[in-house]
Structures are given as C-alpha cells and as structure tokens.
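Please consult the sequence and the structure alongside the points below.

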Amino acid sequence: MELGMIGLGRMGGNMAERLRRNGHTVIGYDRDPKLSDAASMDELASRLPKPRVVWVMVPAGGPTHETIHRLGEVLEPGDIVIDGGNSHYVDDQKHGEELGAKGIGFVDVGVSGGVWGLQNGYALMVGGEDAHVKPLMPLFEALKPEGQYGFVHSGPVGAGHFAKMVHNGIEYGMMQAFAEGYELLVASGVVKNVPETFRSWQQGTVIQSWLLELLNRALEEDPHLEKIRGYAEDSGEGRWTVQTAVDLAVPLPAITASLFARFASRQKDSPSMKIVAALRNQFGGHPVEPMA
C-alpha cells in the first residue's frame, strides 16, 4: 500500500520505517527538507495514487489544524486523512466534519509505543467510520505488534484519541504509584537496596509490567537518580483526561492526584507550602525553615 506521511520526526520517522519494512511505500513530507521525499503538500498529493491516504504526525493543536485544513485543499473526494498525533478528541470531531463536507474521509489513531514501536510494534486505538477504517487495515496490521493485541477500532471519529487519552491518564497513575513507592522505600532506612528490591518485583509479582521493567533499567543506569531533576512535564493528555472526567462527573482521584504531583514538581519553592508552614507556625509555634 502507498501512503503519504506528514511529519517525520522521531515517532513519524520510526513509523514510516516500520511500514517500509513491511512492504508499504511511504512518501514523506516534513518542513525539514533533509527528511522529505516531497517538497510540498501539493507534490505529496500529486505523487500518491488515488484514492490517496495521508498520515499526519505533527504536534497537536495549531500545527495539526493547519495541516488538516491544507490537506482539505489539496486532496479530493474518496481520499482519507489519518491523524496519528496526540490530538484532543474534540478537535478530531471538528476535523472529521471539515473533511467530510468535502467527501474526504478522516480517521484518528491514538498511538502508544514510543521509541520501542519500531522493533516491538505500536498499540493503535482507532476512531472513524468502518468504510474508512477497513481499507487502512493493511497499514494497521503492519504497525501493530504480532498477535491478537495492539489494535482496536474504538468507535466513531474521536474515539481513538479518547481511548489514548484515558490510556495516558492510567499511565500517569501507574507511574506515580511507582514513584511514591520508591520514595517511601528510600525514606524508610529499613530497605538498604532499593534498586534490587524493584528488580526483584519484575517476575512473580502482581505489579510486574513493562513500566516496572523500564524503571529497573533507569535504576541500573543511575541507582540513586542523581543525574536527573525531580521535574516532570505533562503532555496534555493527563489534563484532558481530568477535564473530561469533571465534565462527565466521573471520579478519578488517583489520576488527578498524579497530574497535580507533576505540577508540584515544577515549583522550586511552593507558595502553597509556604502558607501551610506559616499557618503551622502561627497556631502551633511550629518552626519554619528560613530561605537560604
């Protein structure tokens, strides 16, 4: 199968390479001419056989809006656009309507697998109409891991990125649980070999997992985590998960707490904790730590 791919950064480039390894032809377009096969979106469209398939892998928000709008100008009825980035499902619904009005199909794909997907395959969560998803199955089969897992047609347009959003929210909670367990083991003074304790859990325990394997790898490289700051960004998926839960009145205490923990990691000197310290000093005479 032949398709165009827009956005050939690390993730997009790896996906294009996996597709090529599985016998598909990929014509890429990127703003970096060193990565591109085509000089423009117009050239990309002209080089693809009809009906054309274009996979978009650019940052969510403005870049995705602009790319999809432009594709709506250069593609024709019967073509299909895939958004494989980290877009919000609400944006997917708007993009689906915009392209649908021109007879162009739209499919959203939540992709998980990161840098390991090239070797192991990507988990794909797909949203779109059956008529648009079925012709793309050769691509999805080439990208997913071998076997029965790693692919789901979650529902209509927006469902793929909604599923990926919730997936990432769960991921936030799992990582936070490992992080808190690590901190408690270190603080206890009772457990003398924390990295080895985590490593022992990799087999035969309820919490054995790929995330635990990755944590063990990190602790092998830096047993006391002295080379990195305790600072964690959030990609936006965690925020969308929590915001959606509020809209739907669904309680997500663990995922919400894990998101707020990331916010706390960015404060060198927490204003809220200053208030807590000041109040404890005022009502109980508890000591406060002076600024250095």
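Ala-249 lies in the loop that links helix 11 to helix 12 (253-264). In this predicted model, Ala-249 has a positive phi of about 55 degrees, although it is not a glycine. Ala-249 is exposed, its relative accessible area being 67%.

**Other backbone features in loops**

- Leu-225, also not a glycine, has a positive phi of about 50 degrees.
- Leu-225 belongs to the loop between helix 10 (210-221) and helix 11 (237-248).
- With a relative accessible area of 28%, Leu-225 is partly exposed.
- A cis peptide bond leads from Lys-50 to Pro-51, and its omega is near -5 degrees.
- Pro-51 is placed in the loop between helix 2 (41-47) and strand 3.

- Burial here means a relative accessible area under 20%.

**Pairing of strand 1 with strand 2**

- Strand 1 pairs with strand 2 (residues 25-29) in the parallel sense, over 5 bridges.
- The chain passes from strand 1 through helix 1 (residues 10-21) to strand 2, forming a right-handed β-α-β crossover.
- Within this pairing, Ile-27 of strand 2 stands opposite Gly-4.

**Pairing of strand 1 with strand 3**

- Strand 1 and strand 3 (residues 53-56) run parallel and are joined by 3 bridges.
- Gly-4 has Val-54 as its bridge partner in strand 3.

Definitions and conventions:
Residues numbered from 1 in each chain as written. Predicted model: local features only at pLDDT ≥ 70, side-chain atom pairs only at ≥ 80, totals over all residues. Heavy atoms only, no water. Pairing = 2+ DSSP bridges. Helix = DSSP H or I, 4+ residues; strand = E, 2+ residues; numbered from the N terminus. Right-handed = clockwise from strand over helix to strand, strands pointing away. Buried < 20%, exposed > 50% of the residue type's maximum accessible area, 1.4 Å probe, protein only.
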